[in-house]
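Visitor: Hello! I am new to this structure and would like a close look at one part of it. Could you show it to me?

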2 protein chains.
Amino acid sequence: MRPSRRLHIPAAIAHPVRLLPLAFLGLILIGTLLLLLPIARSGPGSPTFLDALFTATSAVTVTGLTTVDTGTYWSPVGHVIILLLVEIGGIGIIALATILGLFIGGRLGLRTQMLAQVDMHVVSFGDVRPLFRRVTVTLLSFQAVIAVVLTLRYRAAYFDSWLESVWHGVFDAVMAFNNAGFSLNTDSLATYAGDIGVIVPVSIAVFIGAFGFPVLAELYRGWRRPSRWTIHTRLTVWGSFLLLAVGSLAFLVIEWSNPSTLATQPFVDKIATSVEGGIMTRSGGLQSFDWALVRPETQGIAILMMFIGGGSASTAGGIKITTFLLLAFVILAELRGDPEVQIGRRSISGRTIRTALSIALIAVMLVVGSTLLLMTLSGASYIEALFEATSAFGTVGLSTGLTPHLTAPSQLLLIGLMFVGRVGTIAAASAFVLRRRQPRYHLPEEQPIIG
Amino acid sequence: MRPSRRLHIPAAIAHPVRLLPLAFLGLILIGTLLLLLPIARSGPGSPTFLDALFTATSAVTVTGLTTVDTGTYWSPVGHVIILLLVEIGGIGIIALATILGLFIGGRLGLRTQMLAQVDMHVVSFGDVRPLFRRVTVTLLSFQAVIAVVLTLRYRAAYFDSWLESVWHGVFDAVMAFNNAGFSLNTDSLATYAGDIGVIVPVSIAVFIGAFGFPVLAELYRGWRRPSRWTIHTRLTVWGSFLLLAVGSLAFLVIEWSNPSTLATQPFVDKIATSVEGGIMTRSGGLQSFDWALVRPETQGIAILMMFIGGGSASTAGGIKITTFLLLAFVILAELRGDPEVQIGRRSISGRTIRTALSIALIAVMLVVGSTLLLMTLSGASYIEALFEATSAFGTVGLSTGLTPHLTAPSQLLLIGLMFVGRVGTIAAASAFVLRRRQPRYHLPEEQPIIG
Ligand SMILES: [K+]
Ligand SMILES: [K+]
C-alpha cells in the first residue's frame, strides 16, 4: 500500500501551495475594484485602473511602493481600504505560510517514518493551532499599544484633533506591524525625523513584526530559554539583531557627514536614524529621509538588506534571514573543512542547503533580470533600477522616487515583482520541499574541478 | 598507521597550495623591478613605482587592465618584458593548477581508498605528465599559426614593414592565447574593428585558450568522442559555447541600434563584433569598441560574463564555468525534485556543491565589497565601479576607461583584486578540497524554514 499512497500525496498537498497565489490574486482583484470606486479617490474623477491595481498589489503584498501620493490621492475611504488590504494581506500570508508548514510538516513526517530517520522540525505545528488565537490576540494587543503610544505622541506634537491623532496612530501601527511602507504623509516618516517618540515605537513594531509566526509562537512559549530555541528561531532572532547592527553601523559611518541625512542631526538623532535605516531596509519600507539623497554606498547596502529580508512566514519579504544565514554557514563549514554544515549542535542536510541555494539564486536572477528590463523600459540608471526592483521583490516599499515616474510597462513589471516576491519564495520553497523524492538508485559520483 | 599518516598529509600538501600565491608574488616583484628600468619606459624618465607594479600585476595575472597606454608609455623593451610576464604567468597558472590537481587527485585517491568508495576523477593526472610536453608544443604551435595568420593580415592591411607586422602578430597571438587583454594599440582592437581577418583568429585563440589544461589534454586525446568526455570537459566545452551564444545574442540584440557600436556596421561585421563581445567578456579582455559607450544593459551582461569566466586551470579568470554550471544544475535538480544532482548519468556530491557555492558567494562578497570601496575612494558610479572591479577580479582586462583616472588607493585595490582573482579561486578551491575531513559522528538533523 505504501508506494501507491506515496504517489497520491503530491496531488493532495498541491492544493495549499496553489492556494497561496490564488488567494492573493483574488484579494488583489477585490482591492483593485474597491479602489476604483469614485469614493476611494480624493478629489474629482476615478482613479486610473493601473494606479488602483498598483496600490492594491502593494497593499496586499504589504510592500508600500506607490505610484501616487497615498495621503492626498486617496480619500479617507481609500485609506481604510488600503488599511484593510494590508491587515488581510499580512494576516493572510502568516496564516497560509503556517498552513503550508502544517502540510509540509505532515508530509515530511510521513517521509521520515518511511525512512526511519530522525528529523526534527522547526516548530511542531501540531500544537501550534491552539496557540494561533492567543498569538494573534497578543499581536493585535501589541499593535494597539503601539497605536496608543503613537496617538499620544501625535496629539502632543503634531495634530490638533484627537480623531486625526488616533487615525494616524492606528494607521501607522498597523503599517509598522505588517511591515507595510504606506504612510498618510507625502514624505512618509520625514515629518517625524529625529523624533524618538515616533521613530522608536514604529521601528520596534517593524522589527518584531518581521520575526514571523513560527518564531513569535516559539518566543511566546519559551522566550526565557534561548538555549532551547529551535535552530530556526535562533537563526531568525540573532540574525535579525546581527543584520540590524551591521546595517545601522554601516548607515551611521557612511552617512555621518552627508548633509541630506545625518550631518545636520544631533548625536542621538543620528543613532535613531541609523537604526531606522538598519531596520526599515529589511522590509519595513517607511522612511524619514529621502533614499535618493543617501550616498550610493548606502543604497548598495540597503539593496543587500532588502534582498535578504526578514523572517520566514512573516510579513517581511526577501529571500529570508534563514536562507541567507544557511548559505553563510555553508561557507563557514567549507572554510573550516567540516564534513557537515553544523549550526548549534545540529546538522543541516544537503537537501536543505540545495533548497536555500536555489531560492537565493533564482531570486538573484529575477532581480537582476528585472533590473536590466527596467533600465531598458525606463532609461533609469543601474542603481535606481536595482533599488526599485529589489524593493518590489523584497516587498520593502523604499523608493528613490522612481516608481511614480515610470511608464505602464515598468509599473506592471514592479506589480509582478511584488506579487512574485510575496508568494513566490514561499510557494517555491514549499514546492521544492514537497517535491523531494527519495533516490531509487545512486549514480556513480564524479567531481568536476571547481574554481 | 593510517590515522597518523593521514595527519601528516595536510602539512605535506599545504606546500603546493602555498606555492601558487608565492610564485605569483615573486614573479610580480621581478616584473615590477624590470619595468622600473629606464629602458622599459618610452621617452624620458623612469616609470612610477605604482604604474610598474600595476602593469606587472596585470601582465602576470594575464589581465590586461592598464593605468597607462601600453603602446606609447612602454618602450619595445618594456613590451617584451610584458610579453614574457604574460607567457610565464599564463603557463605558470596552468602548470601550478595542474600540480595542485595532481596533489588533490592523490589525496582524494587515498581518501577514496580509505572509504572504499568509487570516485571518478576529471582527468587521470597520473598519465597527464607525458602529455604535458606534447600539449604545450601543440599550444605553442597553435599560437604560432595564429601569429602567422595575424602577421600576414597586418602586413597586407596595416603596416608597411614586415618587422612591425611580425611583432604585432606575435604579441597579439600570445595575448589572445593567454587571455591577456594587453594591446600595442591605444584603442586595443578598435583599429581592426569589423576586420574579420583579425577579429576571427584572435577570438578563436581566446576561446580555445580559455578551455584550460585539463580540458585541452582530454580533447587532445579524445576529441572525436564527446560521449566519453568527463563531466568536467563536457561542462566546460558545452558551457563555453552556451555562454558564447547567450552573450553574443544579447550583445547583438541590445547593441543593434547603438550608433557607438553596431548600428553603423554592415551585417557581417555586426555578427563578428557580437561574437567578439560574447568571447572577450569571459576573460579575453581585448576590445574593438569602447565599453563606456555600450548600453548599460550590455555592461550588466558583460559583468555577469566576466564574473563567470572561463575553464578551470586555464588562463581565464572568474569563478569558472564549472562552478557556475554546477549551481545551475543544483537549481535544475531542485525544480525537478531530484534526490541527487545529476549531470550526464553522474551524480555530484554535496561536498562538491558546497565548494562551488562557497567559491561563488565569497567571490560575490569580494566583488561587491570592492565595488562599494571603489565608489567611496573614487566617486565612480555604481556600474563603472562594478565593471572595473569585476574586470580586475575576473582578470578580464576590459575597461570603461576608469582605471587610468583612479588614485593610488583605488589602483592598489584593483591590484589586489587581480591577484586574488588569479590565485585566490584556485587556491581556495584546492584548500577547500584538501581540508575536507570525514565525519567522526553525525549530529541530529534539523530543518529551518527556507524562503
Ligand atoms: K514593506
Ligand atoms: K584577460
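What arrangement do the 6 donor atoms around the potassium ion (ligand 2) make?

Guide: Welcome! Please keep in mind that this is a predicted model. The arrangement around the potassium ion (ligand 2) is irregular, because its 6 donor atoms subtend angles of 67 to 148°. For six donors to count as octahedral, opposite ones would have to be over 155 degrees apart.

Let us meet the donors by name. The potassium ion (ligand 2) is coordinated through the O atoms of B:Val62, B:Thr63, B:Asn179, B:Ser283, B:Thr395 and B:Val396, at 2.3 to 2.9 Å. If you follow the sequence, the spacing of these donor residues reads V-T-x115-N-x103-S-x111-T-V. Take two of them: B:Val62 belongs to the loop between α2 (49–60) and α3 (70–73) of chain B, while B:Thr395 belongs to the loop between α14 (382–393) and α15 (408–435) of chain B, so this pair ties together parts that are 333 residues apart in sequence. Both B:Val62 and B:Thr395 are buried.

Now look across to chain A for the potassium ion (ligand 1). Here the coordinating O atoms come from A:Val62, A:Thr63, A:Asn179, A:Ser283, A:Thr395 and A:Val396, at 2.3 to 2.9 Å. Along the chain, the donors of the potassium ion (ligand 1) are spaced V-T-x115-N-x103-S-x111-T-V. Its 6 donor atoms subtend angles of 68 to 149°, which makes this arrangement irregular.

Over all chains, a search of the whole structure finds 35 aromatic pairs. One of them joins B:Tyr158 and B:Tyr192 edge-to-face, with 4.8 Å from centre to centre and 80° between the planes. This pair links distant parts of the chain, 34 residues apart: B:Tyr158 sits in the loop between α5 (129–157) and α6 (162–177) of chain B, and B:Tyr192 in the loop between α6 and α7 (196–209) of chain B. B:Tyr158 counts as partly exposed because its relative accessibility is 27%, whereas B:Tyr192, at 1%, counts as buried.

In chain A, ring pairs connect A:Phe207, A:Phe211, A:Trp229, A:Trp238 and A:Phe241 into a cluster. Rings also meet charged residues: A:Arg41 lies over the face of A:Tyr73, 4.0 Å from the ring centre, and B:Lys270 lies over the face of B:Trp256, 4.7 Å from the ring centre.

Terms used
Residues numbered from 1 in each chain as written. Chains lettered and ligands numbered in written order. Predicted model: local features only at pLDDT ≥ 70, side-chain atom pairs only at ≥ 80, totals over all residues. Heavy atoms only, no water. Donors = N, O, S within 2.8 Å, 3.2 Å for Na, K, Ca; no water. Tetrahedral: all angles 85-135°; square planar, octahedral: opposite > 155°, others 65-115°. Helix = DSSP H or I, 4+ residues; strand = E, 2+ residues; numbered from the N terminus. Buried < 20%, exposed > 50% of the residue type's maximum accessible area, 1.4 Å probe, protein only. Phe/Tyr/Trp six-rings, centres within 6.5 Å; stacked < 30°, edge-to-face > 60°. Lys NZ or Arg CZ within 6 Å of the ring centre and 35° of its normal.
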